[in-house]
Amino acid sequence: MTQGQDLKSAPLLDHLEELRKRIIISLVFLAVGLVIAFQYRLQLIELVKVPLHASEQYQKGHVTVVTQGLTDQFFLAINLSFWAGLALALPFILWQVWAFIAPGLYPHERKWGLPFIIGAGLSFLAGAVFGYELVLPAMVGFLLDFLAGAVTPLLNLRDYIGTVTTFLVAFGLAFELPILAVILTRIGIVNHVMLRKGWRFALVGVAVAAAVITPTPDPGNMMLVAVPLYALYELGVLLSRVFRVVPAEEAPAIGA
């Protein structure tokens, strides 16, 4: 290998080494979060079971929560602790993501680091809380009371926790849409005009996403998901306009 080839490959190797470093640090934060969450696994299980109280059958004691396999209790605790630990570690992981991409940005773009971390973290939290407080109880109540006590549900706790965590993560990610719109706008991939013209496609996408996220066929629960998702899209359009990149020739001259 020639000296010129060494010089060309050096930046790539440096980036890979930096990426490895950031991934390792992020995994350490995730492991710490998992260990902390695992200490509160019983409280977390009770917290996840709260939406069950929206079911009349559960309140009457007609729903039995069970585990079936020998290892189910251990693995459901690990699964729940993983997601809770990820939520705890998310701000620190986002900081590592920003630390990796920041050196490639201009100085005036690096000032968005703290708003990006805070905005992304709060958006994910808001989505998870919205799903937990408003949508999940309605969904659980509908599904468990569907046959009005004609059968006695044996609810597998491992499957239930898996469904709930997937549901809440999906809502948390959906609430990242405005932040994603701002980022894509600032790096020049999209703009508010493109997003505004694509509202029909967004509406169809929101309807499909609502149907997938909500496993209940009733229109009420689907609308409870679809309306906030489309509102988030409109918020993304608005933020894209506010944080748009203005070409130098269109910017007002200083002192004019």
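Helices α2 and α7 are roughly perpendicular to each other (65 to 115 degrees). This is a predicted model, in which local features need pLDDT of at least 70, side-chain atom pairs count only at pLDDT 80 or more, and totals for chains, interfaces and linings use all residues. Residues are numbered from 1 along each chain as its sequence is written, and side-chain values use heavy atoms, without hydrogens and water.

**Packing of α2 and α7**

- Helix α2 covers residues 41-49 and helix α7 residues 157-174; helices are DSSP runs of H or I, at least four residues, numbered from the N terminus.
- The two pack at an angle of about 75 degrees, with their axes 11 Å apart.
- Axes here are lines fitted to C-alpha atoms over the stretch in contact, and angles run from 0 to 180 degrees between N-to-C directions.
- From α2, I45, V48 and K49 meet L157, Y160, I161 and V164 of α7 (contact: heavy atoms within 4.5 Å).
- Six residues of this contact are nonpolar, one is charged and none is polar.

**Nonpolar cores**

- The largest nonpolar core has 33 residues; such a core is a set of buried Ala, Val, Leu, Ile, Met, Phe, Trp, Tyr and Cys residues joined through side-chain atoms within 4.5 Å.
- Buried means under 20% relative accessible area, exposed over 50%, partly exposed in between, with a 1.4 Å probe and protein chains only.
- Y160, I161, F167 and F171 have the most contacts inside this core.
- Two or more residues each come from α2, α4 (72-101), α6 (113-144), α7, α10 (199-213) and α11 (219-242).
- Helix α7 gives the most, with eight residues.
- Beyond its neighbours within four places in sequence, F167 touches G131, V135, L136, M139 and I213.
- A second, separate core has nine residues, including L94, W98, A120 and F124.

**Aromatic pairs**

- The structure holds nine aromatic pairs; rings of Phe, Tyr and Trp (its six-membered ring) pair if their centres lie within 6.5 Å, with planes under 30 degrees apart stacked, over 60 edge-to-face and the rest tilted.
- F130 and F175 form a tilted pair, 5.7 Å centre to centre with 40 degrees between the planes.
- F130 lies in α6 and F175 in the loop between α7 and α8 (177-186), so this pair ties together parts that are 45 residues apart in sequence.
- Both F130 and F175 are buried.
- F142 and F146 are also a tilted pair, at 5.6 Å and 55 degrees.
- F142 is partly exposed, at 25% relative accessibility, whereas F146 is exposed, at 56%.
- Ring pairs link F130, F167, F171 and F175 into a cluster.

Conventions
Parallel < 35°, antiparallel > 145°, perpendicular 65-115°, else oblique. Nonpolar A, V, L, I, M, F, W, Y, C, P; charged D, E, K, R; others polar.
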